[in-house]
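Q: Please take a close look at one residue in this model and describe its surroundings. Then go on to the helix packing, the ligand shell and the backbone exceptions.

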Amino acid sequence: MTYNFDQCPDRRGTESVKWDLYPGTLPLWVADMDFKVAPEIQAALQKRLEHGVFGYELVPDSYFEAMHKWFAQRHGWDDIDRRNIVPTTGVIAAYSAAIKAMTVPGDKVMVMTPCYNAFFPAIRNNKCVQLDNPLKYDGHYIVDWDDFEKKAAEAKVLLLCNPHNPAGRVWTREELLLMARICRQHNVFVISDEIHCELTYPGHDYTPWATLPEEYVLNSVSCISPTKAFNLAGIQIANIYAKDPAVLSKMDRAINDNECCDVNVFGVTALKAAYTAGGEWLDQLREYLYHNARTVSCFLEDELPAVNVLPLEGTYLMWIDCRTALREGEPLEGFSERFGKFLQEKVQLTLSTGSIYGAAGEGFMRVNIACPRSRLLDGMQRFIVGFEAYKSTPWQ
Ligand SMILES: Cc1ncc(COP(=O)(O)O)c(C=O)c1O
């Protein structure tokens with residue numbers, strides 16, 4: 001079956017965060033997609049809806065079997081099982097509980113910045129201290145290994161984003177192994193947020209942290225969910241995997257302490273449908289997104305060579321270095337926010353502001369490319385007009 005990603009429903013006026021928070025602007029910001037879910041998932045949800053009773057539900061064996069089969073076949077991760085998984089309401093709930101389980105107040109949690117903005121409150125809310133390991137930027141991002149090692153010597157936990165939002169990096173096995181060796185050497189516990197794991201592009205394969213040698217996996221958890229790849233973010237379902245039963249029982253405790261142990265009945269249905277019947281849809285989606293990413297890169301390379309669009313290895317979130325828009329005398333501090341507001345007012349375009357991903361993101365903007373290509377091109381045209389207009393408006 002061929003799925004059509006060129007068309008999608010109008011989301012305006014549906015209480016959509018993406019569309020209804022900044023009405024009247026073209027929203028290429030928050031990370032959900034404008035596409036309808038796979039018809040196979042919609043049919044499963046419809047069937048569940050028709051039952052008409054939505055009381056508390058047990059998580060059935062078929063849920064774990066669907067996950068097991070999917071990750072074994074697609075990603076070579078073959079030991080997912082009811083005995084090493086704790087289901088929960090979302091990936092934020094998952095990594096927040098994992099931080100709670102593995103730290104005491106005052107412990108340092110290391111993040112590789114710029115990184116997903118909701119990592120920061122989770123660290124704070126667990127009364128821990130954020131320790132930045134800024135990525136090295138040289139047109140694209142690599143790990144600053146000297147700094148990584150230095151920070152690992154102080155940290156209790158590494159909160160890893162694999163693949164990385166917003167840098168668009170899909171960490172290689174070699175990179176993950178090096179992180180793992182350093183973390184083991186310094187006894188740093190690893191929480192790997194793998195919500196973007198299905199969204200990778202040619203030449204860049206996702207390596208589950210859990211497929212590293214066992215000695216590294218025992219001191220870690222992986223947080224997984226189909227919600228990002230299958231556009232189910234509003235349904236909210238996720239899982240924590242731990243190989244070590246002692247670690248798993250700490251996760252179970254923390255999930256219970258945080259009162260987020262009961263999952264949504266539709267989440268269970270949607271996860272099973274995604275992992276058992278969503279493969280073909282997902283592969284076509286990845287191809288479509290890959291071409292969207294190429295379109296943005298080629299278009300801006302031709303029409304606005306002043307910006308650097310980072311190569312997208314994974315996720316549907318592109319990262320653009322906009323610092324050449326800085327006006328004479330304008331400080332870098334606060335630029336992303338000023339530029340973002342200007343784009344909203346001048347060309348009615350909403351992008352994500354780079355500085356919300358940490359100080360290392362200042363000067364950048366994040367573009368969500370998960371929409372029909374014609375809409376994305378409209379957005380890029382607005383971006384060019386906005387960029388030129390900003391640049392030619394004198395600072396102060
Ligand atoms: C890296 C990362 N983790 C977690 C989330 C949110 O997960 P959830 O909605 O399941 O809490 C996002 C959403 O964009 C994300 O990018």
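A: **One residue and its surroundings**

The cut-offs are 20 or more other C-beta atoms within 10 Å for buried, 12 or fewer for exposed, and partly exposed in between, with C-beta atoms placed from the backbone.

The model is predicted, so local features need pLDDT of at least 70 and side-chain atom pairs count only at pLDDT 80 or more, while totals for chains, interfaces and linings use all residues. Residues are numbered from 1 along each chain as its sequence is written.

Asn292 lies in helix H11, residues 279-303 (helices, H or I, of at least four residues and strands, E, of at least two are DSSP runs, numbered from the N terminus). Leaving aside neighbours within four places in sequence, Asn292 is in contact with Ile369, Arg373 and Leu376 (contact: C-beta atoms, placed from the backbone, within 7 Å). Tyr316 is 24 residues from Asn292 in sequence, and the two C-alpha atoms are 9.0 Å apart in space.

A second pair of this kind involves Gln7, in the segment before helix H1 (17-20). Gln7 and Lys36 are separated by 29 residues in sequence and by 8.9 Å in space, C-alpha to C-alpha. Gln7 counts as exposed because it has 10 C-beta neighbours inside 10 Å.

Next, the helix packing. Two packed helices are described by the angle between their axes and the distance between the axes. Helix H6 (residues 145-152) packs on helix H7 (residues 173-185) at an angle of about 30 degrees, with the axes 9 Å apart (axes are lines fitted to C-alpha atoms, for helices over the stretch in contact, and angles run from 0 to 180 degrees between N-to-C directions). That angle makes H6 roughly parallel to H7 (under 35 degrees is roughly parallel, over 145 roughly antiparallel, 65 to 115 roughly perpendicular, and the rest oblique). The crossing of H6 past H7 is right-handed (the near helix is turned clockwise from the far one by less than a right angle; anticlockwise gives left-handed). On the H6 side the contact is made by Trp145, Phe148, Glu149 and Ala152, and on the H7 side by Leu178, Ile182 and Cys183. By class, these are six nonpolar, no polar and one charged residues (Ala, Val, Leu, Ile, Met, Phe, Trp, Tyr, Cys and Pro are nonpolar, Asp, Glu, Lys and Arg charged, and the others, Gly among them, polar).

Helix H3 (residues 61-75) and helix H10 (residues 265-277) have axes that come within 9 Å and cross at roughly 30 degrees. H3 is therefore roughly parallel to H10. Their crossing is left-handed. H3 contributes Ser62, Tyr63, Ala66, Met67 and Trp70 to the contact, and H10 contributes Val268, Leu271, Lys272, Tyr275 and Thr276. The classes here are seven nonpolar, two polar and one charged.

Helix H4 (residues 91-102) meets helix H9 (residues 245-257) at about 115 degrees, with the axes 8 Å apart. That makes H4 roughly perpendicular to H9. H4 passes H9 in a right-handed crossing. The contact is formed by Ala97, Ala98, Lys100 and Ala101 of H4 and by Lys250, Met251, Arg253, Ala254, Ile255 and Asp257 of H9. It holds six nonpolar, no polar and four charged residues.

The ligand has 13 residues around it, of which Ala31, Gly90, Val91, Ile92 and Tyr116 come nearest (near: C-beta atom, placed from the backbone, within 6 Å). The shell divides into eight nonpolar, four polar and one charged residues.

Last, the backbone. Most residues other than glycine have a negative phi, and most peptide bonds are trans. The bond from Thr113 to Pro114 is cis, with omega near 0 degrees; Pro114 sits in the loop between strand E3 (108-111) and helix H5 (119-125). The bond from Asn162 to Pro163 is also cis, with omega near -5 degrees, and Pro163 is in the loop between strand E7 (157-161) and H7. Asn231 is not a glycine but has a positive phi of about 60 degrees. Asn231 lies in the loop between strand E9 (220-224) and strand E10 (238-241), and counts as buried because it has 22 C-beta neighbours inside 10 Å. Gln396, also not a glycine, has a positive phi of about 65 degrees. Gln396 is in the segment after helix H13 (373-391) and counts as exposed, with 6 C-beta neighbours inside 10 Å.

Methods
Two residues are in contact if their C-beta atoms, placed from the backbone, lie within 7 Å.
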